[in-house]
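This report walks through selected features of one protein chain.

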Amino acid sequence: MRGTRRTRLCLAGVMTASALIATPSAYAAERTGGHLTDLVNPFIGSQDEGNTFPGAAVPFGMVQLSPDTGHFAGYDYTQNRVRGFSLVHLSGVGCRIGGDLPVLPTTGDVTQTDYTTYAASFAHQDEAASPGYYRVGLSSGIRAELTATERTGVQRYTFPATDKANVLLNAAQSLHKPVSATVEILDDHTVRTEITGHGFCRDTRPYTVYTITRFSRPFTAYGTWDGRSVTPGSRSGHGGAYVRFDTSKDRTVEATTALSYVDSRGAAGNLAAEGGRSFDTVRERAREEWERRLAGVHVRGGTQTLRRTFYSSLYRSFLAPNIGGDTDGRYFGWDRRVHHADGFTYYQNWSLWDTYRTQVQLLALLAPREARDMARSVVAIDEDGGWLPKWGYGPVETNVMSGDPVTPFLTAAYQTGLLKGFAERAYRALRKNADGVPPAEYPGIGREANAEYIAHGFAPFIENRPLAKMGDSDYHHGASVTLEYALADAMLAQMARGLGHDADAARYAARAQNYRNIFDPGTGFFRARDASGAFTGSADPARGTGFHEGTAWQYQWLVPQDVPGMVRLIGGERTANARLDSFFAYDKLLADPARTAREVWVHGDAYDYYNAATYNPMNEPDLIAPYTYLATGQPWKTTDVVHAALTLFTDGPGGITGNDDLGTMSAWNVLSSIGLFPIQPGYGTWGLSTPVFDRVDLTLDRRYWPSGGLTIAAPGTSATDRYIQAVHTDGTPHGRTYVTNDALRSLHSLAFTVGPRPSEWGTSPGAAQPVLK
């Protein structure tokens, strides 16, 4: 998902394919058993609208304590002034959100209350980050260090010698739109806040976060402010608070801030459960958590740059969704009531239009216990509030993006075995979502164009239809919404059949063919229809209307449930392959993959989605597109395109070309790098392409993947020897271009034989992915 801000795509930090040369140090960590966390660079994606954050978090933690430098997502590498270190950030979102309770250390008298005024400058030379840790030296002479637990952020500030060392807690300013704030000095160690805000791409319902901060030593003075008026000695206010320390002898101050979305009691309980530890202890535990998480994937071979970009992407894939409940099990539901999670951890923050394509499947593979609880949490949203989410932030619906992404999200969990014990409950919620529309009083839009889609077989494009609720409207994107609804119906049909609901399965399978209803034989492309059923907008597929963040060129490949049917509509395999070659600028790609990726595919602006007839690797509609060749008899071209796209991921701040979208792009990088990609999102089909590493060892949870581990081997893989000659599964020749979940559950080894030229592998009849009926 992307916002609307348009920014020139800078190529700072880019490493071209010719520069990816192996060095002895590339294998040092492998030989010596060094820490995998040392290969992670949290600054990747913090420039050029990757919108990542470099601060401290643990896997899926509620708290992401990170510096805010002025960008709407929190941190922009091109900026050099810190407004504060705040508690909440989402990795890679394209709209303003989070940034709650920015805290900044200062010295001297407190006279300014606007954090854009008292912001402190810094230099990147005095800044460092690693998983679970961040530090920076400020121009004021103060060193700030950050680390985190699941529900707390821990700060350590080292001041110069002074009797006016301050910590400013700005409750009334944040990245989102503030509604109200209160701050209270409880005693000489403790500050409590209550912050209500709303926002994201458009205004949402308000939500409240509660914090309590405990300092390691008593204050020597304190005060609060309202607006611009600072009142020394005041214990309460509606703007912010400062606390003061004498650092003439002891120059270090530590503080732990706990967060809750439920109430102040929840914040206090989270502090009691996870606080009370020294900064260094928390930092080491955070590093150990990340080390265990990253150790689930061990790669051998590749260059140092390749390994750094890979493990940094793996790291970002585990940043969200986020824990939403307190240590006592309570959470704040979408019905604006407090609930208790019995037998599971409650999660929140659902960028479903993005994550259903890549990250959901990666977490099901590498973090199935957490992925199960995430699916259970989404079902709880329906059971608490009445409907499934579309794009949820905290306890509110934003209605950002379009289509029906929650369906493939949950059906993917079903196909992986994650819904055992509540599959029927999930199915009931999905069926209600697929067959209806939320009532007017409910804040979510669900499948907003469902009535027309069910009655006529397509979602109409109604350009000037007023927004019924905040967020995006499915009617404004009728063409792509039709494709998204049809994809969701196809996946729901498979779940219905698996649960024995045969009549529903037949009904949804029939609706999955609705993609055909927006195919225009006159242009040979999908095209929007208006409310009367007439094709509308430009006949030029690069300039047509009704597609969300893309064009008909990009969306023509979004029919994973029936690629052969889509190919027949286009005119057959020969026409489809010619169109794919044009789409990927294949001749140019073969001559110079990295340059083609940078100069032909990437058009210059991270949010430039339209008026294009070529692949856009920066955005979600095209994530499956390179794998279409697996179904058109030319599977080697998938590897060519995927490996070219992988050059866009580098180990500098500009190392992600476009929003990371809560790990979506990072998960694409991880999965494409290991040669295993979910080509039918919402179902259990994994497309095969050549890995970029000689060997990848996955450690899997036996409760969901009985093999306990999978080794993916491609000895000798390189930029020249990148073509699959043969594939063996546990030693048995495998001629298909895909494997299934059922196969993966018992599979121990997936071996690729590679060479310098394309082969006949994967081109025989029946080698391509199944059609979902």
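Predicted model: local features only at pLDDT ≥ 70, side-chain atom pairs only at ≥ 80, totals over all residues.

Two strands count as paired if DSSP finds at least two bridges between them.

Strand 28 and strand 29 (residues 685-688) run antiparallel and are joined by 3 bridges. Within this pairing, phenylalanine 677 stands opposite glycine 687 of strand 29. A helix covers part of this region.

What surrounds tyrosine 738? The residue belongs to strand 34. Leaving out residues up to four places away in sequence, tyrosine 738 touches Ile679, Thr685, Trp686, Gly687, Leu688, Ala767, Ala768, Gln769 and Pro770. Tyrosine 738 counts as buried because its relative accessibility is 7%, and the cut-off for buried is under 20%. Glutamine 769 is 31 residues away along the chain, yet the C-alpha atoms of tyrosine 738 and glutamine 769 are separated by 6.3 Å.

Strand 23 pairs with strand 24 (residues 391-393) over 2 bridges, in the antiparallel sense. Serine 351 has tryptophan 391 of strand 24 as its bridge partner.

**Helix 7**

Is helix 7 (residues 359-366) mostly covered or mostly uncovered? It is mostly covered, with 8 of its 8 residues buried. The buried residues are Gln359, Val360, Gln361, Leu362, Leu363, Ala364, Leu365 and Leu366.

**Threonine 224**

Threonine 224 sits in strand 13 (residues 221-226). Its relative accessibility is 2%, so threonine 224 counts as buried. A polar atom of its side chain lies 2.9 Å from the backbone oxygen of serine 236.

**The disulfide**

The structure holds 1 disulfide. Cysteine 95 and cysteine 201 form it, with their sulfur atoms 1.7 Å apart. The link is right-handed, with 85° about the S-S bond. Cysteine 95 lies in the loop between strand 3 (84-86) and strand 4 (103-107). Cysteine 201 lies in the loop between strand 11 (190-198) and strand 12 (207-215). The pair therefore ties together parts that are 106 residues apart in sequence. Cysteine 95 is buried at a relative accessible area of 7%, whereas cysteine 201 is partly exposed at 29%.

**Aromatic rings**

How many aromatic pairs does a search of the whole structure find? It finds 37. Two of the pairs are set out here.

| Pair | Distance between ring centres | Angle between planes | Class |
|---|---|---|---|
| Phenylalanine 60 and tyrosine 347 | 6.4 Å | 90° | edge-to-face |
| Phenylalanine 519 and phenylalanine 526 | 6.0 Å | 80° | edge-to-face |

Why is the pair of phenylalanine 60 and tyrosine 347 edge-to-face? Its planes stand at 90°, and planes over 60 degrees apart count as edge-to-face. This pair links distant parts of the chain, 287 residues apart. Phenylalanine 60 is in the loop between helix 1 (28-32) and strand 1 (66-68), while tyrosine 347 is in strand 22 (residues 347-348). Both phenylalanine 60 and tyrosine 347 are buried.

Phenylalanine 519 counts as buried at 10% relative accessibility, and phenylalanine 526 at 4%.

The rings also gather in a cluster. Phe525, Trp553, Trp557, Phe583, Phe584, Tyr586, Trp601, Tyr615 and Tyr629 form one aromatic cluster.

How values were computed. Residues numbered from 1 in each chain as written. Heavy atoms only, no water. Helix = DSSP H or I, 4+ residues; strand = E, 2+ residues; numbered from the N terminus. Buried < 20%, exposed > 50% of the residue type's maximum accessible area, 1.4 Å probe, protein only. Polar contact = N/O pair within 3.5 Å; in protein donor to acceptor, adjacent residues only side chain to side chain. Disulfide = S-S within 2.5 Å. Phe/Tyr/Trp six-rings, centres within 6.5 Å; stacked < 30°, edge-to-face > 60°. Contact = heavy atoms within 4.5 Å.
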